[in-house]
Amino acid sequence: MIDINRTNNDFYYRYKMPRAVVKQEGKAGNTRTVIVNLEDISSSLKRPPLYILKFMSYELATRTDIGKGRYAVNGRYESSRIQDLIYDFIDAYVMCPFCNNPETFYINNGGLSLECLACGKISDVKSSKLNGMILKDVERNSLERDDAYFNPGDEEDDKYQDEMKRLMESGEDKSEDIVNLLRSHGLSDESIGKEVLMFDGGLRKCKGIGNLISTKALLSSAEEIVENGKEKKKIQEYLRMFEDEKIFKRSELFKYFTRPQGNRKRSPEFKKEVSEYFSNQ
């Protein structure tokens, strides 16, 4: 599960959704990208899957292909592109711009608007083709206000996060206990890396993590957190901590972050921050 708010830096953020999973269908010249788990994503966002799919089709200037429980857009798109579009939809049609809370619902306020259940403020939704479709549903009262709009997280998540916090704040290096705890809850090495990195001071409190999960998973976690956020300079903070806490040697960091890693594409801003870090020290 990933955060609904792509700029979130709060370890205890509770609003989650599945990461987009896609598969390609068709032959060259007639390909379709199926968003396999769009219904699960839409359930997390409390929005109909058709809204998300239509938003994608407008942004990509392509057609949709809808079947029973099946949602696709014409053309071939990687999961990262689809995930970015889902985040764009969230920014425009889910998140409250005043308090960054996703507990919102649609109203007709002389045009499509969001009303926030958390702060109570109303914000206009930027005009687009999708607005007309949503307004028709609003007028038909098919979208109703629900004070239980979100049911963020679950008790199991609370349990392991509370236990992780206790271990982190014990004053001792509980790296092995923390990794074992997270693995017992089914987290992959990369997910474990993210949990530790996003905990305030996590690397300093879990110094042994570099010996307990794969090197690539931990470095990949740092890269993904930074690339999905707005503060690309944060990669310098992670690099400095990796070195200061002797989790990785400088040569290991240089090798990973200055060379291509599979099909992952790095943003120019990210590359600039990495280059600046290694050239200034």
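Guide: Met168 is found in helix H5, which covers residues 155-168. Please keep in mind as we go that this is a predicted model. Is Met168 buried or exposed? Its relative accessible area is 3%, and buried means under 20%, so Met168 counts as buried.

What surrounds Met168, once neighbours within four places in sequence are set aside? The residues in contact with Met168 are then Ile178, Val196, Phe199, Gly202, Lys205 and Cys206. Take Ile178 from that set: Ile178 is 10 residues from Met168 in sequence, and their C-alpha atoms are 7.9 Å apart in space.

Now let's step back to the whole chain. There are 12 helices and 9 strands in the protein chain, and 46% of its 281 residues count as buried. Along the principal axes, the C-alpha trace spans about 60 × 45 × 35 Å. The radius of gyration is 21 Å, which agrees with the value near 19 Å that a compact globule of 281 residues would have. If you take the contacts between residues at least 6 apart in sequence, 58% of them join residues at least 24 apart.

Another buried residue is worth a visit. Ser42 lies in helix H1, residues 38-45, and has 5% relative accessibility, so Ser42 counts as buried too. Leaving out residues up to four places away in sequence, Ser42 touches Arg47, Pro48, Pro49 and Ile52. The loop between H1 and helix H2 (49-60) holds Lys46. Here phi is near 60°, a positive value in a residue other than glycine. Most residues other than glycine have a negative phi. Lys46 is partly exposed, with a relative accessible area of 37%.

Lys246 is in the loop between H10 and helix H11 (250-257). With a relative accessible area of 72%, Lys246 is exposed.

Two packed helices are described by the angle between their axes and the distance between the axes. Let's begin with helix H9 (residues 215-228), whose axis comes within 9 Å of the H10 axis and crosses it at roughly 155°. That makes H9 roughly antiparallel to H10, and their crossing is right-handed. On the H9 side, Leu218, Leu219, Ala222, Ile225 and Val226 take part; they meet Lys234, Ile235, Tyr238 and Phe242 in H10. By type, these contact residues are 8 nonpolar, no polar and 1 charged.

How do the axes of H10 (residues 234-244) and helix H12 (residues 268-279) cross? They come within 9 Å, with a crossing angle of roughly 40°. H10 and H12 are therefore oblique to each other, and H10 passes H12 in a right-handed crossing. From H10, the residues in this contact are Ile235, Gln236, Leu239, Arg240 and Glu243. Their partners in H12 are Phe270, Glu273, Val274, Glu276, Tyr277 and Phe278. This contact divides into 6 nonpolar, 1 polar and 4 charged residues.

How values were computed. Residues are numbered from 1 along each chain as its sequence is written. This is a predicted model: local features need pLDDT of at least 70, side-chain atom pairs count only at pLDDT 80 or more; totals for chains, interfaces and linings use all residues. Side-chain values use heavy atoms; hydrogens and water are left out. Axes are lines fitted to C-alpha atoms, for helices over the stretch in contact, and angles run from 0 to 180 degrees between N-to-C directions. Helices (H or I, at least four residues) and strands (E, at least two) are DSSP runs, numbered from the N terminus. Angles under 35 degrees count as roughly parallel, over 145 as roughly antiparallel, 65 to 115 as roughly perpendicular and the rest as oblique. A crossing is left-handed if the near helix is turned anticlockwise from the far one by less than a right angle, and right-handed if clockwise. Contact means heavy atoms within 4.5 Å. Ala, Val, Leu, Ile, Met, Phe, Trp, Tyr, Cys and Pro count as nonpolar, Asp, Glu, Lys and Arg as charged, and the others, Gly among them, as polar. The radius of gyration is taken over C-alpha atoms; the globule rule is 2.2 Å times the number of residues to the power 0.38. Buried means under 20% relative accessible area, exposed over 50%, partly exposed in between (1.4 Å probe, protein chains only).
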